[in-house]
Amino acid sequence: MARPRSTSQKYTRLEQEIRDSFQTRKRIFIGLISGASILISAILALLWIIPFVGLTTIHPIAPWVLGLIVGGLILCIGWAALALVLNILLGRPVLFAKRLRGVTIKLFLPLMTLLGRVLGIPKQTVRASFIKVNNELVKGEGHRYPAERILLLMPHCIQNSRCKYRLTYNIDNCKRCGQCALAGLLDLRDKYGVNLAVATGGTIARRIVVQHRPKLIIAVACERDLASGIQDTYPIPVYGILNTRPFGPCLDTDVSLDRVEWAINEFSA
């Protein structure tokens, strides 16, 4: 069903706000992924060139067989990098690149982080760029999911630090006093029928994911936790929303409920 014009404009604004909350530019991601692919290709080429002379002693065509294998791998990496960059620039899958999210998460992110360190780019900037691109890839897949298979996963620091109730194992222990964002998040859960959970760390988060078996996770956290969570839960798609930290990291953090509601509407069937 088509959304009213005013509602569509609101959604577009909220999506833009989510993008802008990651204070980095996609060109950092594009630059690093291009550099990473060139680095891998160079290493593969060296693997062929170095033993080239020695391989002739095994069989005359052995160097060319190895060359074909290495060349094929270089073409695959080049294709993945090119398709990913075109996907980012055009905002839609191209070059049969439906599995790019996995390639990005498993192969390119660790190399991009390493390359960024060599070039002096802060980890947080690389992670923010990665999350931004990941969100676009998840959205670009165009999938919608039943509300009951969507999980809102929150960090424990979103709970008021002075609250005496333990919410990790039962979110309904919350008294909805309004001192933190959880009251509003519970209202969204009840309104749309999605699942809501609070995790105190990576181990608890993984256990929550196993228990709920979601089709999509809408995660709220800092850049570090979002990036690691996206890696840990692959192939489950994760749409990341950056939290706000008015009192510094890991203390009484907050999140825009409008942005969370926009994401629920964007991905729920």
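## Nonpolar cores

A nonpolar core is a set of buried Ala, Val, Leu, Ile, Met, Phe, Trp, Tyr and Cys residues joined through side-chain atoms within 4.5 Å, where buried stands for under 20% relative accessible area with a 1.4 Å probe and protein chains only. In this predicted model, local features need pLDDT of at least 70 and side-chain atom pairs count only at pLDDT 80 or more, whereas totals for chains, interfaces and linings use all residues. Residues are numbered from 1 along each chain as its sequence is written, and side-chain values use heavy atoms, with hydrogens and water left out.

The largest nonpolar core holds 41 residues, and the members that touch the most others are Phe29, Phe108, Met112, Phe130, Leu153 and Ile217. A second, separate core has 31 residues, including Tyr145, Ala181, Val198 and Phe267.

## Overall organisation

The protein chain contains 10 helices and four strands, taken as DSSP runs (H or I of at least four residues for helices, E of at least two for strands) and numbered from the N terminus. From the N terminus on, the order of elements is α-α-α-α-α-α-β-α-β-α-β-α-β-α.

Of its 269 residues, 45% count as buried. Among contacts (heavy atoms within 4.5 Å) with a separation of 6 or more, 68% join residues 24 or more positions apart. The chain exposes about 14500 Å², of which carbon and sulfur atoms supply 60%, the areas coming from the Shrake-Rupley method with a 1.4 Å probe.

Leaving aside residues up to four places away in sequence, Phe130 touches Phe29, Thr104, Ile105, Leu109, Ala227 and Ile230. Asn134, which lies in helix H6 (residues 123-140), is buried, with a relative accessible area of 2%. With the exclusion of residues up to four places away in sequence, Asn134 touches Arg101, Ile105, Ile230 and Val238.

## The largest pocket

A pocket is an open set of points on a 1 Å grid over the protein atoms alone, with protein on both sides within 12 Å along at least five of seven lines, and its lining residues have an atom within 4 Å of a point. The largest pocket has a volume of about 450 Å³, and among its 31 lining residues Gly201, Gly202, Ala205, Ala221 and Asp225 lie nearest its centre.

Strand E1 (150-155), helix H8 (202-212), strand E3 (216-221) and helix H9 (223-233) each supply at least two residues of this lining, with H9 giving the most, eight residues.

Methods. On a 1 Å grid over the protein atoms alone, a cavity is a set of points where a 1.4 Å probe fits but cannot get out, and a pocket is an open set with protein on both sides within 12 Å along at least five of seven lines; lining residues have an atom within 4 Å of a point. Grid points are joined across faces, edges and corners, and a volume is the space filled by probe spheres set on the points. Buried means under 20% relative accessible area, exposed over 50%, partly exposed in between (1.4 Å probe, protein chains only).
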